[in-house]
Structures are given as C-alpha cells and as structure tokens.
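Hi,

Here is the structure I promised to pass on. Have a look at it first, and then read my notes below.

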Amino acid sequence: MEGETFLWLIRHAPVDGIKGTLHAPDAPADLGDRAQLEALRQRLPQDSASYASPSRRTVETARALRLDPELVGEFSEQDFGDWTGRRHDDLAAMGGDAYAQFWGDPARTRPPGGESFEDQVARVRHGLSRIEAGPATLVVHSGTIRAALCIALDLAPQAALRFVIDPLSLTRIDRLAIGWRVVSVNQRVA
C-alpha cells in the first residue's frame, strides 16, 4: 500500500447494560457524557475516512461524534461464542473447566463457539490492510485496539492484552512506509 496512514482509534462509549457482562453486538452505548464526546470530536481530523465495527455501540458512538463510518466486520470485538450475553460471575460460578482454562491463556484459547485473541489479531490485521493512505478514524472495541497495538508493536498477543483501553479513549498509531509508529495509547481527551 502506497503512502502513510494515520489512525485515530476510539473505543466506543460505555455499554448501557449490566456491568461484568460479555455484551452482544446489539448492546447499546451510554452516550450520556456529552462533554467527553464533544472534546473527543474536536480532536479528530477533519475530512478523514471513518470506520466502525458493525456493533450497535460503536455505530452509536460514531454517530455521536458526527461520523458516518463504513462498517467493517474485521473490526468487531472478539467473539466469545456461547458466553456472549452472559455475566463473568455466572460463568465462573458454573465451575466449568472451559472458563478457567480460557483465562489461563486468553490469547490462544477459544471460548466455546468463539475465537481466541490470536484469531482477532489476524482478523484486525486484514481489516487494517484495507484502509487507504491518509487520516482515518476508527470507532471500535478495546480488543480491536489491543489487536492493532499488537500488530503495530509486533507484540506477542498475550503481551498486547496488558493494555488498558478505556471507553471514549483515543489511541493514535501510524502506518508508515518503514513500519509502524505509536503516538499515544488510551488517552483521555478533556
């Protein structure tokens, strides 16, 4: 791909739902922090391409930022399969080995019917390869941003899971002719 790509990665607004849940793609965003949304919008590049995962919370956040994103399935959150829509507490209390085994190695282990973080990294890599040169704003999930950082920093997937990515935070990375550059991670814009 010719030229440099400058990426503004935004994690969606908090989910308007029960905390501690592995939320489904149709979970809505809590857009109540209008001041934060406006401050973040002011930091975004003018006339950039915009993308979002097709999940409801990312699309709602993008629209609150006055973006009209192209929806890219590769930017979806990690698929937790049969666990989607369930609470962590309930899954842990069931006493099944699958839940404990997953959290023993979440980078390589797949939840029942789902995908591993390594799978997500491969998917995000493909999605990023489709973004043209120039500035681009992506409204996505914490796992998607961790995957992009894994790619940019050439990290082992397990190491990339250590990044904290808060709701409505900004992470900036650039794809240059000679490799990647990380400008900022998990920046809270005020």
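A question to start with: are Trp 83 and Phe 102 buried or exposed? Both of them are buried. Keep in mind that this is a predicted model.

The structure has five aromatic pairs. In one of them, Phe 80 and Phe 102 have ring centres 6.0 Å apart and planes at 75°, so this pair counts as edge-to-face. Phe 80 sits in the loop between strand E3 and helix H3, while Phe 102 is 22 residues away in helix H4, and the pair links these distant parts of the chain. Phe 80 is buried, too.

Trp 83 also pairs with Phe 102: their centres are 5.5 Å apart and the planes are at 90°, so here again we have edge-to-face. Because Trp 83 is in the loop between E3 and H3 and Phe 102 is in H4, this pair ties together parts 19 residues apart in sequence. Ring pairs join Phe 80, Trp 83, Tyr 99, Phe 102 and Trp 103 into a cluster.

Elsewhere, the charged end of Arg 172 sits over the ring of Trp 8, 4.0 Å from its centre.

Now for the cores. The largest nonpolar core has 23 residues, and Phe 75 is among those that touch the most other members. At least two residues each come from E1, H5, E4 and H6, with H6 giving the largest share, seven. Away from its sequence neighbours, Phe 75 is in contact with residues including Tyr 51, Arg 123, Leu 138 and Thr 144. There is also a second, separate core of 16 residues, Ala 29 and Leu 44 among them.

Cheers

Notes
Residues are numbered from 1 along each chain as its sequence is written. This is a predicted model: local features need pLDDT of at least 70, side-chain atom pairs count only at pLDDT 80 or more; totals for chains, interfaces and linings use all residues. Side-chain values use heavy atoms; hydrogens and water are left out. Rings of Phe, Tyr and Trp (its six-membered ring) pair if their centres lie within 6.5 Å; planes under 30 degrees apart count as stacked, over 60 as edge-to-face and the rest as tilted. Helices (H or I, at least four residues) and strands (E, at least two) are DSSP runs, numbered from the N terminus. Buried means under 20% relative accessible area, exposed over 50%, partly exposed in between (1.4 Å probe, protein chains only). A charge sits over a ring if NZ of Lys or CZ of Arg is within 6 Å of the ring centre and within 35 degrees of the ring normal. A nonpolar core is a set of buried Ala, Val, Leu, Ile, Met, Phe, Trp, Tyr and Cys residues joined through side-chain atoms within 4.5 Å. Contact means heavy atoms within 4.5 Å. Lists of a residue's contacts leave out its neighbours within four places in sequence.
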